[in-house]
Amino acid sequence: MNKKELLAAMADECGLPQKVCGKAIDAFFKVVKKSVFMDEPVRIVGIGTFKLNVRKERNGINPSTGKKITIPERKRIVFKAGKSINTIA
């Protein structure tokens, strides 16, 4: 399901216009991103947790040249599904 399909499904489910649902989805992801990058995990009971994953700087090899390189630290948001969402059949 992509964002357009999600908007249509949400609008159908709650009876609101797609524009309103779009603003709600955008606001949700903006708040999650802001909170997680401030090192505050976002836990949604029954769904899961969004949290920050920091991959430390490490050494690697450039596959095209074979030269050793340093891969910089990388931060990314990860989602871990809760138990109740994994048991839906």
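A salt bridge is a side-chain nitrogen of Lys or Arg within 4 Å of a carboxyl oxygen of Asp or Glu. The model you are looking at is a predicted one, and it holds 1 salt bridge. The partners are Asp26 and Lys3, whose side chains meet at 2.6 Å, N to O. Asp26 sits in helix 2, while Lys3 belongs to helix 1 (residues 3–14), so this pair ties together parts that are 23 residues apart in sequence.

In general terms, side chains of opposite charge can pair when their charged atoms come close.

## Aromatic rings in a cluster

Next, the aromatic residues. A search of the whole structure turns up 3 aromatic pairs. One of them joins Phe28 and Phe29 edge-to-face, with 5.2 Å from centre to centre and 70° between the planes. Phe28 is partly exposed, having a relative accessible area of 34%, and Phe29 is partly exposed too, at 46%.

Phe28 also pairs with Phe50, again edge-to-face, at 6.2 Å centre to centre and with 70° between the planes. Phe28 is in helix 2 (residues 18–37) and Phe50 in strand 2 (residues 48–55), so the pair ties together parts that are 22 residues apart in sequence. Phe50 counts as buried because its relative accessibility of 14% is under the 20% cut-off. Taken together, ring pairs link Phe28, Phe29, Phe50 and Phe79 into a cluster.

## Patches on the surface

Phe79 turns up again on the surface: with Ile47 and Ile85, Phe79 forms a nonpolar patch that has about 230 Å² of accessible area together. You can find Ile85 in helix 3 (residues 83–86). At 31% relative accessibility, Ile85 counts as partly exposed.

Which residues form the positive surface patch? Arg43, Lys51, Lys80 and Lys83 do. Among them, Lys80 lies in strand 5 (residues 74–81). Lys80 counts as exposed because its relative accessibility of 61% is over the 50% cut-off.

With 71% relative accessibility, Lys19 counts as exposed.

Where is Asp39 placed? Asp39 is in the loop between helix 2 and strand 1 (42–44). Asp39 is exposed, with a relative accessible area of 58%. For context, most residues other than glycine have a negative phi.

Conventions. Residues numbered from 1 in each chain as written. Predicted model: local features only at pLDDT ≥ 70, side-chain atom pairs only at ≥ 80, totals over all residues. Heavy atoms only, no water. Patch = residues over 30% accessible without salt bridge, like charges linked within 9 Å, V, L, I, M, F, W, Y side chains within 5 Å. Areas by Shrake-Rupley, 256 points an atom, 1.4 Å probe, with all protein chains shown as cover. Lys, Arg positive; Asp, Glu negative; His and termini not counted. Charge placed at Lys NZ, Arg CZ, Asp CG, Glu CD. Helix = DSSP H or I, 4+ residues; strand = E, 2+ residues; numbered from the N terminus. Buried < 20%, exposed > 50% of the residue type's maximum accessible area, 1.4 Å probe, protein only. Phe/Tyr/Trp six-rings, centres within 6.5 Å; stacked < 30°, edge-to-face > 60°.
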